[in-house]
Amino acid sequence: MKNIAASAYRISARGLFLLFFQAAALASGTPHAPLAGAQLAGSGTLRFLGMEVYQARLWVRPGFTPRTWAHQSLALELRYARGFSARAIAARSLEEMQRQQALTEAQSGRWQAQLAALLPDVAAGDRLVGVYEPGQGVRFLFNGQPHGHIDDPLFARLFFGIWLSPQSSEPTLRAALLAAP
């Protein structure tokens, strides 16, 4: 009987240790891949007038090459340092997408409306992940939960091009994201 009680105590103590370890890893922001089989390629911080806007991480599968990023599955994770409305995120995204390619007024309006309806308002600490599937589109996760998708290959390529195309308005962040592979 004494051995059973001791075993139960060891199991409970081990279980509590594992629970504590997992909670500490989650709280510390230990990276986990939002795309099956992916590894962290690079990360960086976007700042505006010295203030942190978000931290970005790029997740890619083995064999990823930065030059052909638009032909490979990947995930981009943004952890926001401050709050923004979905409307503001959508408007800024469309401005950045147009740096890569001229869009018709109808196309721009449709995509901005889709993004504003799909994306959430974000607060400091929120995590938004976009998963890019070439030739298909993009699906979004908000704080780890599925949050919708846009099945338009051109939209998806231009959206991820905000961070990854040579026309990015943030070349330093682009270089940091594409650093590792």
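Author: Leu-76, Leu-78, Leu-128, Val-129, Gly-130, Phe-140, Phe-159 and Trp-163 line the largest cavity, a lining residue being one with an atom within 4 Å of a cavity point. This is a predicted model, in which local features need pLDDT of at least 70, side-chain atom pairs count only at pLDDT 80 or more, and totals for chains, interfaces and linings use all residues. Residues are numbered from 1 along each chain as its sequence is written, and side-chain values use heavy atoms, leaving out hydrogens and water.

Reader: What makes this space a cavity?

Author: On a 1 Å grid over the protein atoms alone, a cavity is a set of points where a 1.4 Å probe fits but cannot get out. The largest cavity holds about 50 Å³ of space, the volume being that filled by probe spheres set on points joined across faces, edges and corners.

Reader: Why is α4 called mostly covered?

Author: Nine of the 12 residues of α4 are buried, among them Phe-159 and Trp-163, where buried means under 20% relative accessible area with a 1.4 Å probe and protein chains only. Helices are DSSP runs of H or I with at least four residues, numbered from the N terminus.

Reader: Which residues touch the most other members of the largest nonpolar core?

Author: Among its 42 residues, they are Tyr-54, Leu-58, Leu-74, Leu-115, Phe-159 and Trp-163, and helix α4 gives the most to this core, with eight residues. Such a core is a set of buried Ala, Val, Leu, Ile, Met, Phe, Trp, Tyr and Cys residues joined through side-chain atoms within 4.5 Å.

Note on methods. Buried < 20%, exposed > 50% of the residue type's maximum accessible area, 1.4 Å probe, protein only. Helix = DSSP H or I, 4+ residues; strand = E, 2+ residues; numbered from the N terminus. 1 Å grid on protein atoms, 1.4 Å probe; cavity = no way out; pocket = protein on both sides within 12 Å on 5 of 7 lines; lining within 4 Å.
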